[in-house]
Amino acid sequence: MKKKTTIFKRRIVHVLACLLLAVLCSTNFYGQTKKLANQATIITPGNNRYDVCLLLPCNFKPTVDNLSYITDTNQTNSARLYGSPGLLLGLGSYKGGVEVTFPSTVPANQWSYVQINADSSLLKALLGGSLGNALGNVLGAVLIGNQEIEVEALMGSTSVLKRTNTQGFTTDNVKLLQGAGGEYYLALKPNQNYNKIRITNQSASLAGLYSEYTLDVYSAFTYDDTGADCGRPLATSFDGSGGLGLQVADLNNQYLGRAIDTDANSYSLLKSSGVLDLSVARSFSQYFYFATTSPAESTLNIKLALGSGGVINTDLLGGIEVILTKWNPSTSQNDIVYRRSLQSGLLNNINALALLQSGSAATLTFAPGREFDRAEVRLNSTVGLSVLGNGVRIYDVQRYDGS
């Protein structure tokens, strides 16, 4: 009797331990310590912004409002940066810029994030990486050429990385990302140590006489790795190549952040309903970014559904891939460490295949046996994209460590 009681107690302890691990891994930030920038200064002329006026003196205003909100630990309010091309040939132009400082040096090759908000059309376009300019046209907005957002990392007064949206947030070390709640982050990863970030909002000279553009800055932060690395991705984005006939509706209905929130029934949608150029090789991906690098024994779970059911075939499954990458400091790029199509991933998973065949969601587990810090779900040209009907729905993405 005593032996059975002991076994029963052990089972209870085991179950409770598993539940605790599941709870810890259901958060974005398990095993990571968030470090906020704790100083903020204005780096552009303070009262250079004015209303159009016929009579002097004009009413001059600050180019940055509510600076103190950037270092407020509440992080729910924002500073606002203003930019304008002025009246003519740059006359009366102004820009708003701030510099934030971390309490200690951020190591080289570690992400930092600046939470921002601006015109939704501009941000939706920039979220598409290399598709940014094309998406700007799809959205009917020339915004990418009108409003210029510059982000720069510095070590003291020395610049170590600089990029603007007019160049494109398209490199592996400067991205615009989206969080689980739909918020936007400018993310940068310099290959040198840094302790400051500058953010500047300005406007191109041809944007229109006295047009004014705003950029809200909420906070700047980084994550130090303190151990275990399970949990949901911190942020997500998308990208593509080739003849993608994206429509405005496709962008408005993506809801990328729903793939990394805590609602198991919400999903992001990878879909293109536009006219496709079949002669051009193309791909369409959603990316998932982790704040730290996983141990080699970590696995990745992805819960997804395909189309509306009844269309699952070898070509379709072979054209959808899961790709895992790891940051390479020597090249400042992401190296592919694992690549698997759904076709090969479902060879011995009859239950998951049956669920996908019926249009239901299935959870697939990928074990690369390698360290990784970014995951990608890619739709390749072999899928035909339009064959998917309702697209690929991604409900949940989580990383589990070796424990």
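Which strand supplies the largest share of the lining of the largest cavity? The legends below take up this point after an overview of the chain.

**Figure 1. Overview of the predicted chain.** This is a predicted model, in which local features need pLDDT of at least 70 and side-chain atom pairs count only at pLDDT 80 or more, whereas totals for chains, interfaces and linings use all residues. Residues are numbered from 1 along each chain as its sequence is written, and side-chain values use heavy atoms, with hydrogens and water left out. The chain holds eight helices and 23 strands (DSSP runs numbered from the N terminus: H or I of at least four residues for helices, E of at least two for strands). Of its 403 residues, 51% are buried (under 20% relative accessible area with a 1.4 Å probe, protein chains only; exposed is over 50% and partly exposed lies in between). Contact means heavy atoms within 4.5 Å. Among contacts between residues at least 6 apart in sequence, 77% join residues at least 24 apart.

Figure 2. A search of the whole structure finds three cavities of 30 Å³ or more. A cavity is a set of points on a 1 Å grid over the protein atoms alone where a 1.4 Å probe fits but cannot get out, and lining residues have an atom within 4 Å of a point. Grid points are joined across faces, edges and corners, and a volume is the space filled by probe spheres set on the points. The largest cavity has about 50 Å³ of space. Strand S15 gives the largest share of its lining, three residues. S11, S15 (235–241) and S17 (283–289) each supply at least two lining residues. The lining residues include Phe169, Lys175, Leu176, Phe238 and Tyr289.

**Figure 3. Strand S12 and its two partners.** All five residues of S12 (184–188) are buried. Tyr184, Leu186 and Leu188 lie on one side, and Tyr185 and Ala187 on the other. In a regular strand the side chains alternate between the two faces of the sheet. Two strands pair if DSSP finds at least two bridges between them. S12 pairs antiparallel with S8 (112–117) over five bridges, and five bridges also join S12 to S11 (174–178), again antiparallel. Tyr185 stands opposite Gln115 and is the bridge partner of Leu177. Five residues separate the strands in the hairpin of S11 and S12, where Gly182 takes a positive phi near 90°.

Figure 4. Pro190 sits in the loop between S12 and S13 (194–203). Pro190 is buried, with a relative accessible area of 1%. Leaving aside residues up to four places away in sequence, Pro190 touches Ala108, Asn109, Gln110, Ala153, Val160 and Leu161. Glu152 is 38 residues from Pro190 in sequence, and their C-alpha atoms are 9.5 Å apart.

Figure 5. S16 and S23 (392–400) are joined by three bridges, and Leu270 stands opposite Val392.

Key. 1 Å grid on protein atoms, 1.4 Å probe; cavity = no way out; pocket = protein on both sides within 12 Å on 5 of 7 lines; lining within 4 Å.
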